[in-house]
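User: I would like to go through this structure with you, beginning with the aromatic side chains. Please keep the answers plain.

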Amino acid sequence: MALITCQEALDLVATHIATLSPRTDVERVPLEQALGRVLAEPIYADRDQPPFPRSARDGYAVRAADHGVRRLVGSVRAGEIWMGAPLAEGETIEVMTGAPAPDGADAVVMLEHVEATAAEVRISGNHLPRAGDNVVPRGQEARAGDVLLRAGIRLTPAEIALAASVGAAELDVYTQPVAAVLATGDELVAVNRTPAPHQIRDSNSHVLAALVSQHGGVPRLLPPALDTRESLLEHITTARDARLLLLSGGVSAGKYDLVEDVLLSLGAEFYFTGVLIQPGKPVVFGRLPATDTHSEQWIFGLPGNPVSTLVTALLFAMPMLQALGGELSPQPRFVQATLAAAVKVRPGLTRFVAAKLSSSLHAVKVEAVGSHGSGDLAGNARADGYIVVPPDVESLAPGATVTVLLR
Ligand code: AMP
Ligand code: MG
């Protein structure tokens, strides 16, 4: 199969995401445990928000059209309501931030803009109120019954606050999808074993498990498979009931790269088997179709070099995992930043250059970390993202605006 561009590969994943049937498995969780989960029900405003005309300042409620010194007739704090008569001409009532504006008042003058005695309030000449000043009208933020959050969004602290404000003490969220993680390679040993000089520890299982957890899934780690048909077949079969299978290693063109062959023998179909990117060129995306006993299983064969595994998982596999978790239109996270130092690459492929961001109030800068390629986990750990260098670009000068894939 021909190599395709990075954009084509992202589009293909998105196309297949669009074919997924809607999620139905739901569990109810307390709001305190809902962070990071995907909402499975709409959340409605239970009443107008704000539920009363709310003073936005500490100050004095007035009728904006009145003139001159106001007579101070009372005080309302947050949590109270003015029980007296509606504000009459020339009157004012002291109000605190968050208090309901008394009936008859149409503006609040900030404390800082008046001279007040126990009986009178004089508004300074350059702060004469206009109707509406510092009063949030009832229902301005939401009307009772409005949809505030839709099913399919991932709950961040902002959505948690909104859910709390409408009394959603428990929420329906989708159950988390299981992603099986299978490293392949004769050279691999588990992290708790001492590798012989010619062996290496299996780090890919762990980066993938961590990514799965971070993106809302439940990782199921399998022991690494050997580079033999029998071992691959056995392990892949064990993983068959997971919705997503993340393989690492064994997808290049080498003699012992048997992952694709074995998947084919199991009936897999492939949507791409190589992308014009570096690192990660041999990445494979496919699917085992549903059978009488199993639902369809989405498969990513990720190249074994640890940085390739991470970058291709971020670009292609995590959006699929998030979609399986019920998230609507998940995408890899890209930001734009200003390049702090020149970057030079060989053109021809879309490159992902390990880089460190430094953000301040008015600028996001990014600089390559000087990594030694797709096996360099130490260099990779000094980065927090990857500068995306388009295939037709050989060098980027300091000051250039670049796209960065975030981790
Ligand atoms: P492969 O894609 O199988 O050709 O592997 C490419 C490189 O990545 C080789 O140097 C492997 O030893 C290394 N590698 C493969 N799988 C893993 C793994 N699970 N953990 C760490 N390194 C790996
Ligand atoms: Mg290998």
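User: Which residues do ring pairs link into a cluster?
Analyst: The model is a predicted one. In this model, ring pairs join Y271, F272, F285, W298, F300 and F316 into a cluster.

User: And how many aromatic pairs does a search of the whole structure find?
Analyst: The search returns six aromatic pairs. One of the pairs is formed by F272 and F285: the ring centres are 5.5 Å apart and the planes stand at 50°, so this pair is tilted; the edge-to-face class would need over 60 degrees.

User: Where in the chain do F272 and F285 sit?
Analyst: F272 belongs to strand β18 (residues 269-272), while F285 belongs to strand β20 (residues 284-288). The two are 13 residues apart, and the pair links distant parts of the chain.

User: Is F272 buried or exposed? What about F285?
Analyst: F272 has 0% relative accessibility and therefore counts as buried. F285, also at 0%, counts as buried too.

User: Which residue lies over the face of W298?
Analyst: That is R287, at 5.7 Å from the ring centre.

User: Changing topic: what is the strand order in the open sheet of six strands?
Analyst: The order is β7-β4-β6-β5-β9-β8, and the pairing is mixed. The edges are β7 (107-110) and β8 (114-116); each has a single partner strand, so one side of each lacks a neighbour in the sheet. On average, neighbouring strands of this sheet are turned by 35° against each other, direction ignored.

User: In which sense do β8 and β9 pair?
Analyst: β8 pairs with β9 (residues 120-123) in the antiparallel sense, over three bridges. E115 has R122 in β9 as its bridge partner.

Definitions and conventions:
Residues are numbered from 1 along each chain as its sequence is written. Chains are lettered from A and ligands numbered from 1 in the order in which they are written. This is a predicted model: local features need pLDDT of at least 70, side-chain atom pairs count only at pLDDT 80 or more; totals for chains, interfaces and linings use all residues. Side-chain values use heavy atoms; hydrogens and water are left out. Rings of Phe, Tyr and Trp (its six-membered ring) pair if their centres lie within 6.5 Å; planes under 30 degrees apart count as stacked, over 60 as edge-to-face and the rest as tilted. Helices (H or I, at least four residues) and strands (E, at least two) are DSSP runs, numbered from the N terminus. Buried means under 20% relative accessible area, exposed over 50%, partly exposed in between (1.4 Å probe, protein chains only). A charge sits over a ring if NZ of Lys or CZ of Arg is within 6 Å of the ring centre and within 35 degrees of the ring normal. Two strands pair if DSSP finds at least two bridges between them. Axes are lines fitted to C-alpha atoms, for helices over the stretch in contact, and angles run from 0 to 180 degrees between N-to-C directions.
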